[in-house]
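Try each task before you read its solution.

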Amino acid sequence: QVQLVESGGGLVQTGGSLRLSCAASGSIFSIDAMGWHWQAPGKQRELVAAISISGGSTSYADSVKGRFTISRDSAKDTVYLQMNNLKPEDTAVYYCYSLSKSGNRVYMNWGQGTQVTVSS
């Protein structure tokens, strides 16, 4: 089992920046990828950014490309999401997740979520 603890959310004005952190503990050796989803009120949870743990390859939602950067610090078992030039439509609860594969099975774990609010 993997435990995830997020931090770094808050209130920021349009054009501002925030950095989210997600610290993993437990069976971290089993993690293949980590990333962030967001969920705005009344909407489904959607993928924002992801990073592979071994090779470091990344992927982003089209709406955040060029503004958000996901990175990892293997020594700290932590993944970061640097968010720049924030917009009101980025307002959501951000959830960190980890993904582990075992044979043909996929396991996902989630953090508790952190609120990001961008004021106009």
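A polar contact here is a pair of N or O atoms within 3.5 Å; within protein, one must be able to donate a hydrogen and the other to accept it, and residues adjacent in sequence count only if both atoms are side-chain atoms. This is a predicted model, where local features need pLDDT of at least 70 and side-chain atom pairs count only at pLDDT 80 or more, while totals for chains, interfaces and linings use all residues. Residues are numbered from 1 along each chain as its sequence is written, and side-chain values use heavy atoms, with hydrogens and water left out.

**Exercise 1.** Find what the side chain of T114 reaches, and decide whether T114 is buried or exposed.

*Solution.* Start with the location: T114 sits in strand β11, residues 114-119 (strands are DSSP runs of E, at least two residues, numbered from the N terminus). Next, look at its side chain, which gets to the backbone nitrogen of G9 at 3.3 Å. Then check the surroundings: contacts (heavy atoms within 4.5 Å) beyond four places in sequence are E6, G9, L20, A92, V93 and Y94. Finally, T114 counts as buried because its relative accessibility is 12%; the cut-offs are under 20% relative accessible area for buried, over 50% for exposed and partly exposed in between, with a 1.4 Å probe and protein chains only.

**Exercise 2.** Work out which side chain makes a polar contact with that of N109.

*Solution.* N109 belongs to strand β10. Leaving out residues up to four places away in sequence, N109 touches Q1, V2, L4, C96, Y97 and S98. From that list, pick Q1: its side chain and that of N109 are joined by a polar contact of 3.2 Å. N109 has a relative accessible area of 12%, so call it buried.

**Exercise 3.** Track down the salt bridges and say which residues pair up.

*Solution.* You're after a side-chain nitrogen of Lys or Arg within 4 Å of a carboxyl oxygen of Asp or Glu. Searching the whole structure turns up two. In one, K65 meets D62 at 3.1 Å, N to O; D62 is exposed because its relative accessibility is 63%. In the other, R67 meets D90 at 2.8 Å, N to O. This pair links distant parts of the chain, 23 residues apart: R67 is in the loop between β6 and β7, D90 in the loop between β8 and β9. R67 is buried, at 8% relative accessible area, and D90 is buried too, at 1%.

Methods
Helix = DSSP H or I, 4+ residues; strand = E, 2+ residues; numbered from the N terminus.
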